[in-house]
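Let's walk through this structure together and look at how its chains are arranged and where they touch.

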Number of protein chains: 4
Amino acid sequence: MAERARIGILGASGYTGAELVRLLLRHPGAEIALLAAGKQAGKGMDEVFPQFAGFDLPRLESVESVGGEGLDVVFAALPHGHAHQLARRLKPGVRLIDLSADFRLPPEVYAEAYGIPHGAPELQAGAAYGLTEWNRDAVAGAGIVANPGCYPTASLLPLIPLLRAGLVDPSDIVIDAKSGVSGAGRGESQANLYAEVTEGIHAYGVGRHRHMPELARALDAAAGGPVGFSFTPHLMPMSRGMLATIYVRGKAGDLHNALAETYAAEPFLRILPPGATPQTRHVRGANLCLVGVVPDRREGRAIIVSAIDNLVKGASGQAVQNMNLMLGLPEVTGLEGAGLFP
Amino acid sequence: MAERARIGILGASGYTGAELVRLLLRHPGAEIALLAAGKQAGKGMDEVFPQFAGFDLPRLESVESVGGEGLDVVFAALPHGHAHQLARRLKPGVRLIDLSADFRLPPEVYAEAYGIPHGAPELQAGAAYGLTEWNRDAVAGAGIVANPGCYPTASLLPLIPLLRAGLVDPSDIVIDAKSGVSGAGRGESQANLYAEVTEGIHAYGVGRHRHMPELARALDAAAGGPVGFSFTPHLMPMSRGMLATIYVRGKAGDLHNALAETYAAEPFLRILPPGATPQTRHVRGANLCLVGVVPDRREGRAIIVSAIDNLVKGASGQAVQNMNLMLGLPEVTGLEGAGLFP
Amino acid sequence: MAERARIGILGASGYTGAELVRLLLRHPGAEIALLAAGKQAGKGMDEVFPQFAGFDLPRLESVESVGGEGLDVVFAALPHGHAHQLARRLKPGVRLIDLSADFRLPPEVYAEAYGIPHGAPELQAGAAYGLTEWNRDAVAGAGIVANPGCYPTASLLPLIPLLRAGLVDPSDIVIDAKSGVSGAGRGESQANLYAEVTEGIHAYGVGRHRHMPELARALDAAAGGPVGFSFTPHLMPMSRGMLATIYVRGKAGDLHNALAETYAAEPFLRILPPGATPQTRHVRGANLCLVGVVPDRREGRAIIVSAIDNLVKGASGQAVQNMNLMLGLPEVTGLEGAGLFP
Amino acid sequence: MAERARIGILGASGYTGAELVRLLLRHPGAEIALLAAGKQAGKGMDEVFPQFAGFDLPRLESVESVGGEGLDVVFAALPHGHAHQLARRLKPGVRLIDLSADFRLPPEVYAEAYGIPHGAPELQAGAAYGLTEWNRDAVAGAGIVANPGCYPTASLLPLIPLLRAGLVDPSDIVIDAKSGVSGAGRGESQANLYAEVTEGIHAYGVGRHRHMPELARALDAAAGGPVGFSFTPHLMPMSRGMLATIYVRGKAGDLHNALAETYAAEPFLRILPPGATPQTRHVRGANLCLVGVVPDRREGRAIIVSAIDNLVKGASGQAVQNMNLMLGLPEVTGLEGAGLFP
């Protein structure tokens, strides 16, 4: 690798933006050439995230001013609705990895889920869905990659191979998911104050969470037809981490075998021994998805539990994994290492 | 009420024991006449729980020495297996409220679930199951009350009326439950160290948790036949609180109506407005069960969420509620007041 | 007590306001007759604090519209600067307990510390400083009580008697204080988001915290001359609680004796045995101040540690204690009971 | 670097042992050749720390069987008292980095502080105190390195240069320190259960903590005479992190200048701009010490705040830094990268 790819990160003042910076700082094939933010434009990165004091990083530019000159890859870690405009103004040849929902859905589905029109429908068809393990060819060649949401990532990685193989009944799946608070972003908010979140749990968006269309599309595609599933997200007192507890009809032994076989060579998926289930704290900071399969007490049913760090495999880590593919680098570059526990 | 009932608490050095002390200290009809513990016997209560410094409480006696002389009601907050012996040696007329599983199950079911024989099978038939709202007559007259487990309490309160009324399909229920750590008790344990629990979540006992036989019995009884359900408990970083997310087949509107009607006059159950779901932090320290009902995205299905404080309505609070019934006191005595939030 | 006093709470949508509601709901001599808020005016109390669902409480009025008609006591739990105007418009005879800094300082000191002029200087002289244990006569008769800040409360309760008795050297005191996040209020804030606060600690306002003039005034008064002290507040990941670690020159044995004697009959102060130090978690929800005294490793020096719940003895609990005095009720009314632990 | 050094880690089932594994897994000059533990001997590393599943690591041997054959460097992360025996049985040429207190103190001081005799007094003189920045030459050539404690590290890094330069008054220093729970180790313990630690703070070992002799020795050496200081450690609800708030007599401007100059070229020390103070969460997982200096409100005094991750710069990170020196590698090898926040 003669030269490092020149990278821009838009939305560097948010949590997924900062996580991209953390990961790329130790990436041997990438150079952080541009950082941009909205209200924080003009500041040093160490002013908005003091953990970066002492690292040589560009100051924060204004998101609106970024056109991509001199960059190879741009990550957009912006609120929904901003990446459409960005994609339209990027110079030809600059590749975009978008961590928002902007390029995950067909325009009409997007408009319904997010209540705003899709701002770049002409570019949608060329966008690759960046669930890396299941879309490598498309990602490698794409100009725009739609990085998946954290809830879909935690749910799809175990379910896609099982639905494809016909090992679980597509008509009846329950996904009960628990997320850390960083998924809600760094915006000022009463609901996410420490005193409102600590020492408690609650469900939210019950029956109607925004990630559902993304989930539904990918599940349907894997099953080759409509999948019937329930999905409930919960917010709990942890910064990072996501656990999905998935109830399916199918034989636990078969499911375990299929997952173990499918993912045997994958560096970022780890199927636990039969009967074991994962903890989110063991993937803290790591680009991993741990999956366990246990027979349910009811005959013919199984419980699958998957764990990711919502900011890594559920967002910025998977984005870097996609970048590696796009740049022709080994997929694990800059993403190795164990989680931070305790 | 001319005189206060004289109360003994066995297992006062554990969390449910301490919670009984907290609740009874402000109870106008009860006097804490005896406290007992195992290894901590001989100490002052303020030595094992400094929050009680300054309160006039008896020193901790040895559990083994307690026969019930001079007591009206004995609470047993002991590990499984101890209440059987206690029940046999209590003086006639002393009533027992047991917070363990010892009197919740028929002897043969108990033996299988807990791996030890039932130590007082001759007393089992006379024990009342203390899910107060559904067993008032039996509790009021019983010599032994088996106080329900926290997981069953959170699950049964919403499900019993719906199964009785035939409003949910008994063949397919999923209960995904999340518990605070105090439910695991105060024993020395690596798994429950702060650094092992904070900032993460995991499922445990998947497919085979000990509370399942208790749950199954009560659900079957409500449905008048076998109920098919999955149940997964999770441990999360909070001291107190329990949330059960329950997936059922049934019409959300009907379910909400039935719950609202059934529990309209109950002081300790609160059915939230349609579409709203509860947070555990809002019942912290309170003897309440909050229940919300939301239509699932799938036609003909609903999601029910219930929240309790595992140490209060899930243990010691419900035990005091049962005591009130047994003593002929108003059921809410000593149990009023809002939760502690933030 | 034939009738309950009629109470108004302004700022009921904040944490100290909610804590007043929690405490007064179980107070036999008080009736919550009015609740008011700013932006949340018009809502039900259970909409802004769901732990109050099911309790019979008035809807939130607008703070600006409150004149005190029909009320005996008004609590103001409002941001700094609002109580001055309120005090001016309250009907004669309505007594005010202000939880902000508005009436704690002489007008010129207030103006310097808060950067705004004192809005009711003509009323300042009549305001009593509500550190209850040290100002009972004035509080009992006052029309306006300035409830102390949490940092001053935790520091002054141990230091005042020692300075008065000349047992500590007034020229050299270090107060290192640690606070839970609820002290920062419920306003939207990036700095107080869960993910920004959990699993870490930091000092803030080092060398220049706003509570310093309040502290200095009271310490000087106790010593009868200027007291030299350093004070550093820290924010830590807990909702409630405050610990002050105080380094003084003096003999630990003498200090302990003096504190034990001074506070022997006080219901809300508890001096631990010599050598023992308190934990904040043991006063959670309780109107208590625990104090421990330990000899320093350096000859002639001692370390004093005091613990309070910042929302109770550090704010709303002490305010109710003052209300009891003002109404001629036993001081402990509505404030008994042990802390919530775990 | 032609070959990787072969490393053994004793005590790999504890937190500092696991942190050594995490750091060395990404170290290009080291190979983990041996892992050993006490009770956990025989298990795979992923059984005791699941975050290491998928990494190629040796199984846990028994600590007692380790003699150092084939190893270049051995890290001992064992309870106090074990490294003495280990040092005696290590083969000649195998170098030892001990994370316990066993080689930090002269035998007679050790015996008094730890209540057991020093088990290898003949080796003590040859042991280097591994506060890297202040003892590079000795560390580089030593056969035994005594890695400093976390409290001394956080305190000494800011204080040594100031005492050496005579910029602070050595007769009066107060160190108020706050630590995460991982410092207490992974042993079963009631006091460190989640429910006992969360949402509260307390001081411990007040006036008599075991780290004091280590602190005193190093401070005295820096000052060239006895230093008068008070020291209070506190335990707070976080896994990792340590903050020391240090009160000194001296001019803040001079102190800041001296620290900034002394540490200008140090990769692991960062002096914040004047008036700014650090947060522990910004060094989570990083081998950094952040230091801030603020003028006290009292003339002629200053407040210094330093932050480290107790498991990294306070233990395993500094140990790897020492290893790099001993092996002649660049000191930063394997230790670069930003902290994990949020």
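Which surface do the copies meet through? In this predicted model, 100% of the interface residues of chain B are also interface residues in chain A, so the copies meet through the same surface.

In general, two copies of a chain are related by a rotation about an axis and a shift along it. Here, a turn of 180 degrees and a shift of 0.0 Å along the axis put chain B on chain A, with an RMSD of 0.0 Å. That's the relation of a two-fold axis.

Next, turn to the place where chain A meets chain D. How many residues are in contact there? On chain A there are 30, and they touch 30 residues of chain D. Putting these two chains together buries about 2,500 Å², and carbon and sulfur atoms give 65% of that area. On the chain A side, the residues that lose the most area to chain D are Gln51(A), Leu340(A) and Pro342(A), which together make up 27% of what that side buries.

So what kinds of contact do you find across this interface? Salt bridges between chain A and chain D come to 0. Polar contacts are another matter: 10 residue pairs turn up between chain A and chain D, counting pairs with both residues at pLDDT 80 or more.

Where on chain A does the touching side come from? Helix 1 (residues 15–25) of chain A gives the largest share of the side that touches chain D, with 4 residues. Sort that side of chain A by class and you get 13 nonpolar, 9 polar and 8 charged residues.

Terms used. Residues numbered from 1 in each chain as written. Chains lettered and ligands numbered in written order. Predicted model: local features only at pLDDT ≥ 70, side-chain atom pairs only at ≥ 80, totals over all residues. Heavy atoms only, no water. Least-squares fit on C-alpha atoms with pLDDT ≥ 70 in both. Contact = heavy atoms within 4.5 Å. Buried area = accessible area lost by both parts, 1.4 Å probe. Salt bridge = Lys/Arg side-chain N within 4 Å of Asp/Glu carboxyl O. Polar contact = N/O pair within 3.5 Å; in protein donor to acceptor, adjacent residues only side chain to side chain. Helix = DSSP H or I, 4+ residues; strand = E, 2+ residues; numbered from the N terminus. Nonpolar A, V, L, I, M, F, W, Y, C, P; charged D, E, K, R; others polar.
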